[in-house]
Amino acid sequence: EVILDAGFFVRWMAAAAGLVDREAERLTELDSAIGDADHGSNMQRGFAAVVRTVAAQPPATPGAVLVAAGRQLISTVGGASGPLYGTLLRRAGKSLGEAPQVTAAQLRAGLAAGVAAVEELGGATTGDKTMLDALVPGIEALETSFDAAATASEEGALATVPLLARKGRASYLGERSIGHQDPGATSSALLFAALAEVAR
Ligand code: ADP
Ligand code: MG
Ligand code: MG
């Protein structure tokens with residue numbers, strides 16, 4: 001059983017930054033088809049800043065790691081994804097409170113609260129071809145395991161291909177957004193892949 005303490009959450013953010021680095025070109029390529037070709041660089045810049053921040057001032061609790069990460073994403077990333085991912089992590093962190101360790105169930109509940117805040121901020125819901133299409137199934141499958149969450153979010157990202165974008169820049173394309181995988185759903189799946197990686 002993995003211990004979900006502050007160190008685990010710092011490792012999660014580092015693993016996320018690593019996967020985002022590795023996949024940055026692909027994220028930007030996806031965003032060039034239905035957006036403005038900056039999702040890879042937005043995520044790279046944001047998560048590099050998150051890693052620097054939590055390394056410079058290591059937070060003492062899981063909640064504090066996520067709040068610091070969320071705040072950093074909001075201030076570093078100009079695009080839609082910065083405030084949205086920032087809100088996800090910040091709200092999740094707040095819901096974890098000041099406990100030195102959390103359970104997987106608490107993490108799942110925290111991320112669910114974060115997703116609710118993302119829905120409120122961005123006005124999107126599942127099926128709108130956004131990050132939510134990977135986040136929601138990923139969080140759902142966290143009930144089973146970290147690996148199941150990684151798989152479910154990846155499947156959620158793949159399932160955005162036939163969808164019509166109803167929010168964000170991709171929605172400006174209308175029907176032409178159909179047939180392309182959503183960049184934000186793809187990066188959300190990376191966050192779950194990173195979580196599964198550090199839990200292993
Ligand atoms: P921008 O569109 O400002 O250039 P990014 O390219 O970094 O920002 O991020 C785009 C991604 O953000 C989309 O692929 C989508 O997943 C997500 N997104 C955009 N608008 C919304 C929204 N209203 N709700 C949820 N996710 C959104
Ligand atoms: Mg973009
Ligand atoms: Mg942009």
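Modeller: Lys129 lies in the loop between helix 5 and helix 6 (132–141). Helices here are DSSP runs of H or I with at least four residues, strands are runs of E with at least two, and both are numbered from the N terminus. The model is predicted, so local features need pLDDT of at least 70 and side-chain atom pairs count only at pLDDT 80 or more, while totals for chains, interfaces and linings use all residues. Residues are numbered from 1 along each chain as its sequence is written, chains are lettered from A, and ligands are numbered from 1 in the order in which they are written.

Now the backbone. Lys129 is not a glycine, yet its phi is positive, about 65°. Is Lys129 buried or exposed? Lys129 counts as buried because it has 28 C-beta neighbours inside 10 Å. The cut-offs are 20 or more other C-beta atoms within 10 Å for buried, 12 or fewer for exposed, and partly exposed in between, with C-beta atoms placed from the backbone.

Compare two other loop residues. Ala37 sits in the loop between helix 1 and helix 2. Ala37 also has a positive phi, near 60°, and is not a glycine. Ala37 has 15 C-beta neighbours inside 10 Å, so it counts as partly exposed. Ala60 is in the loop between helix 2 and helix 3. Ala60 counts as exposed because it has 11 such neighbours inside 10 Å. From Ala60 to Leu195 it is 135 residues in sequence and 19 Å in space, C-alpha to C-alpha.

Helix 2 is next. Residues 39–56 form this helix of 18 residues, and its first and last C-alpha are 26 Å apart, close to the expected 26 Å. That expected span is 1.5 Å times one less than the number of residues. Buried residues of helix 2 include Met43, Gly46, Phe47, Val50 and Val54. An α-helix has 3.6 residues a turn, so residues three or four places apart point the same way. The cover over the buried residues of helix 2 includes helix 1 (6–34), helix 3 (62–76), helix 4 (81–96) and helix 8 (183–199). Cover is judged by contact, meaning C-beta atoms, placed from the backbone, within 7 Å.

Then the ligand. Around ligand 1 there are 24 residues, and Gly79, Ser81, Gly122, Gly168 and Gly184 come nearest. Helix 2, helix 4, helix 5 (104–122) and helix 8 each give two or more residues to this shell. To be near, a residue needs its C-beta atom, placed from the backbone, within 6 Å. Helix 8 gives the largest share, 3 residues. The shell divides into 8 nonpolar, 10 polar and 6 charged residues. Ala, Val, Leu, Ile, Met, Phe, Trp, Tyr, Cys and Pro count as nonpolar, Asp, Glu, Lys and Arg as charged, and the others, Gly among them, as polar.

Finally, the whole chain. It has 8 helices and 2 strands. Their order along the sequence is β-α-α-α-α-β-α-α-α-α. Of the 200 residues, 52% are buried. Among contacts between residues at least 6 apart in sequence, 64% join residues at least 24 apart. The C-alpha trace spans about 50 × 35 × 30 Å along its principal axes.

Key:
Contact = placed C-beta atoms within 7 Å.
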